[in-house]
Amino acid sequence: MTTALVIENDPAQGLGRAAAWLAEAGMELDTVRPHLGEAVPNSAGGHDALIALGGGRGKDWSDDLTGLMETAVADTTPVLAICSSSRMLAAAFGGVVEDRDEPFGPRMLAKRDAAGRDLIFGPAPMTIDVIRWRRQELVELPPEATLLAASPQGALEIFRIRDTAWGVQSHFEFTPEQLAGFGAFDDAALAKAAEVDEHIVHTWKPIIQRFARVAAGERKALPVLDA
């Protein structure tokens, strides 16, 4: 069984439906909840992967989480960093993050050429739907990062640092019902999120399951297109 260490920074921002996708791919999750007082470890230990979730901005354990992600990158442990964790990951390697107040809701991304050679995003569709929900923005990539997908407005949405650490600024793991429960989205955004949810699942489930396969040791070239 492949195992992943999951850092849950906020009780409302868990892995959502992505947990089931990973379980289906044969990955067992070991979740650490620093919001309940659990210590963030110094390394991923014996786990095959590290997944760092959103909600960690400005928390008491932010430095510990940043250090954990840096160690995982150095150890070539596959990392998936979502939302604020992706920006913490980028900033640790020299990226620039700024406060930014933009509308929340669905957004369509376009892959960049470099994504065609990426282990988990290479086979994904050319356009990728996500849900934007953040108050900060990664505005400059680290020198060691590769841009994999961006918004039409140029937001640096999906990137990879070195070969095995992926950052995703937006969300895909929450259902429309969960989004409604957050109280952060207006009615128009929620309606659009419901319209594109089928596309989000169709696109992101294979991406997340490829991450599990990479964690399990599959580092060879993958098919050009999803089946």
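With which side chain does the side chain of Asp118 make a polar contact at 2.6 Å? The partner is the side chain of Arg160, where a polar contact is a pair of N or O atoms within 3.5 Å, one of which, within protein, must be able to donate a hydrogen and the other to accept it, with residues adjacent in sequence counting only if both atoms are side-chain atoms. The model is a predicted one, in which local features need pLDDT of at least 70 and side-chain atom pairs count only at pLDDT 80 or more, while totals for chains, interfaces and linings use all residues. Residues are numbered from 1 along each chain as its sequence is written, and side-chain values use heavy atoms, with hydrogens and water left out.

Asp118 is placed in the loop between β6 (105-111) and β7 (127-132); helices (H or I, at least four residues) and strands (E, at least two) are DSSP runs, numbered from the N terminus. With a relative accessible area of 4%, Asp118 is buried, a term for under 20% relative accessible area, as against exposed for over 50% and partly exposed in between (1.4 Å probe, protein chains only). A polar contact of 3.0 Å also joins the side chain of Asp118 to that of Trp166.

Strand β4 (residues 79-82) runs parallel to β11 and is joined to it by four bridges, two strands being paired if DSSP finds at least two bridges between them; here Ala81 stands opposite Gly167. Strand β10 (residues 158-161) is antiparallel to β11, again with four bridges, and Ile158 has Val168 as its bridge partner. The hairpin of β10 and β11 has three residues between the strands, and Arg162 in the turn has a positive phi of about 55°.

Further along, Leu179 lies in helix α4 (residues 176-182) and counts as buried because its relative accessibility is 3%. Not counting residues up to four places away in sequence, Leu179 touches Ile131, Phe174, Phe185, Leu190 and Ala193, contact meaning heavy atoms within 4.5 Å. Leu179 and Ile131 are 48 residues apart in sequence, yet 9.3 Å apart in space, C-alpha to C-alpha.

Helix α5 (residues 187-215) is capped at its N-terminal end by Asp186, a side-chain oxygen of which lies 3.2 Å from the backbone nitrogen of Ala188. Just after α5, Gly217 takes a positive phi of about 115°.
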